[in-house]
Amino acid sequence: MKRALPILAVLVVLLAAIAFVNPFFLEPAGFLAFAKRAAPLVILAAGQYFVIVSGEFDLSVGSLVTAEVVIAARLIDGEEPATWPVIALLIVIGLLVGLVNGVVTTKLRVPSFIVTLGMLLVLSGAVFLWSGGAPRGALSEGFRAFGRGGLGPVPWSVLILLAVGAAAIWLMRADFGKTLMVAGDNERAAALSGVRVHRVKIFAFMLSGLAAAVTAILLGGFAGVSAQVGQGLEFSAITAVVLGGVVLGGGRGSVLAAMAGAFTLEALFTLLNLYGISGALEFTVQGVIIIVAVAAGAVRLPWKFTPRKGDAHAAS
Amino acid sequence: MLSMRGIGKSFLGVRVLSGIDLDVTAGEVHAVVGENGAGKSTLMKIICGVHAPDEGTIEIDGRPTSFGHPLDAQRSGIAIIYQEFNLLPERTVAENVFLGREPVRRGLVDRTAMEQATERLLDELGEGSFGPREAVKRLSVAQQQVVEIVKALSVNARLVVMDEPSAALAEHEVELLYRLIGRLRERGVAVLYISHRLREVFDLADRVTVLKDGSRVTTHPIGEVTSDELIRLMVGRDLGTYFPPRSSGVGETRLSLRGAGNHKLRGIDLELRSGEIVGVAGLQGSGRSELAKAIFGAEPFTEGEMTPSRPRSVREGVALGIGLVTEDRKAEGLALHQSVRDNALLVARAVGGKDRDGVHDLLERVRLSPPRQDQEVGYLSGGNQQKVVLARWMTMAPRVLLFDEPTRGVDVGAKAAIHDLMRELANDGMAIMMISSELPELIGMSDRIVVLRDGRIAGTLPAGPSEEAIMRLAAAEVVS
């Protein structure tokens, strides 16, 4: 919680700025609409967090989301009864892609940056080949409800987000999360204490794949079927996580802060939109954030290293 | 030449130094001793301009000075030689010496001038074993230290600060260091010498300053203090008998090896028994650490027998009740950015141990001070870090605990605490194996000493052997 405070403060400021321009934002309906829009990215960022905190990257989630949506539309093809089996299949695919990413990264020792970049290309190529660039089929009403409908005034996506958020926080407090964190901080020390480093890392990749599947389910209903639906989401997710103060390279940062980072990013986009700044700038903004956030972390380096050298900070 | 008055410094509201007075005169070797956490490193960093003091004044040759940057200190003639050298391994000696200020002629680096100047300084130090064109990666640690000193001299340093310079050196290399420091003294260069090793302080220093808890306790000419007095001043109490008494009760065999070996070890026969501390001696590269890692399962034995069974992985080792306190705490032991609690619970979490609340008692038992669980481990002193590693293994109540250099980089007070704990654990029935390159520790602690040479057991000695007896077994050439 303490680690999430800075980003939560930024988020509050941005939300206040949005409310200032657009008072509707303060009403429950206005805020819920924002939360609904943010939910897919927040969930994706939570998944990405697990991978980043273990010291790896997952660049494949964007094209995984696209692939999932395209597959869902084609397999469901408007048939209501196909909804649940296909959802189950999407989740299995997400976990499977994560499993492959994780196994290749750990067992074959290929850097995850390369593995998941390769996976990004494999998936987008496969989607293109399969759909010919124009996805066929249609989602069922039941499928779209996750992205559009709600329980009374509260959108399903917000409820799903709350469940995912709670699960993510719980996981990070459980033995899995604690050992994952140590594996990201000092892999060798973790291994020499009996941590199954490969296994926890593979599990982290699978969580990221799972998050991509859930994101795809929400986005399919919310944004509709297209071959561009997941484009660039991997970078948005990484930006969000870094914005939340999670250190690339692993071992530091909280999942709550990563999710708050995703909310903040979404709020920033909303604000830019309200001021009539082109959506085309979104990538530029993300790029600047990533560089600045990582640079800000790097600037602290000398300070960070002092305790390692010896006893400078040891007196207490 | 250097005079500091009333130096104080705080980090994040924690007071690390207060009211430090320190004078260093030209041509003097001035030792600074103190436990880890006493403030030695912080003081050094202030002298070298890495940190700015919050209060107090620094004068050089009577002129008040303030360093905003390490370069300011360098221009004032102060050079520091860190424990870890700042050398580029692929570059030559001369290139390293003149790094960043290469002599230039017609827009090109003047290699000849650079190499001649380096050669001259090497000669002055009486160092003939390597030349200025040698690549640094080919040099031994001791020779690299020479390069660092040459570098310091080439900027006309008048004060050289050395942080634990002997820590990385082998016994015979320390003599070279002594000689170098002698040369520096002859040239009128002042040396500020930080070390845990009191013998070196007595061999080298003209005066010694004792720091404790961020304050200066005293400064004495070296002839006016004894080793025991220094220790008492550092820890604030009389250590008396340095090592805990040996136990008498050796119990059942917990682990035994018959002809065990792997790529580094051959034909190891060894028994570890309940209640006993077995010391392992040997030179660098004799296979000491490999023996511990093989028993533990991290680099498993590939041949021979081990009872109760031969672990093929760390997890199998842990399941057999074997724990390993590794040699290198920072690289292999701790997750420095995680809390004390998360580090102490690592093994329990990795293998699904159930008792999580007991960790508080364990941290008290290992005498972690203060026993705060939420502190980041990276901020602790070496001794406290080692106690956290120890607590981590105690969570699983091991049957056999292996220690690889348990007190390296640990201050005197924590050292005694760790020794006491090891004996306590043995008395509780644990079988303990301790690797150490510090012979007094090995002799003082062990009930039996196994000496390794070239991956084999060269011999076993009963409790309390002489240093010579150990060295005779460890070094092959003395055998004849």
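These notebook entries cover aromatic rings and a few of their surroundings in a predicted model.

**Ground rules.** I worked with a predicted model, in which local features need pLDDT of at least 70 and side-chain atom pairs count only at pLDDT 80 or more, while totals for chains, interfaces and linings use all residues. Residues are numbered from 1 along each chain as its sequence is written, chains are lettered from A and ligands numbered from 1 in the order written, and side-chain values use heavy atoms, without hydrogens and water.

**Ring pairs.** I looked up rings of Phe, Tyr and Trp (its six-membered ring), which pair if their centres lie within 6.5 Å; planes under 30 degrees apart count as stacked, over 60 as edge-to-face and the rest as tilted. I found ten aromatic pairs over all chains. One of them joins F31(A) and F34(A), a tilted pair with 6.1 Å centre to centre and 45 degrees between the planes.

I then checked where these two sit. Both are in helix α2 (residues 28–53) of chain A, three residues apart, about one turn of the helix. Helices are DSSP runs of H or I with at least four residues, strands are runs of E with at least two, and both are numbered from the N terminus.

F31(A) is partly exposed at 37%, and F34(A) is buried at 1%.

My next pair was W84(A) and F146(A), which is edge-to-face because the planes stand at 90 degrees, with ring centres 5.7 Å apart. W84(A) is in helix α4 (residues 83–107) of chain A and F146(A) is in helix α6 (residues 141–148) of chain A, so this pair ties together parts 62 residues apart in sequence. W84(A) is exposed at 59%, whereas F146(A) is buried at 17%.

I also noted a cluster: ring pairs link F25(A), F31(A), F34(A) and F263(A).

**A charge over a ring.** I found the charged end of R74(A) over the ring of W130(A), 4.3 Å from its centre. The rule asks for NZ of Lys or CZ of Arg within 6 Å of the ring centre and within 35 degrees of the ring normal.

**Chain B.** Where is F85(B)? I located F85(B) in the loop between β6 (78–81) and α3 (93–97) of chain B. Leaving out residues up to four places away in sequence, F85(B) touches V141(B), Q144(B), Q145(B) and E148(B); contact means heavy atoms within 4.5 Å.

Conventions
Buried < 20%, exposed > 50% of the residue type's maximum accessible area, 1.4 Å probe, protein only.
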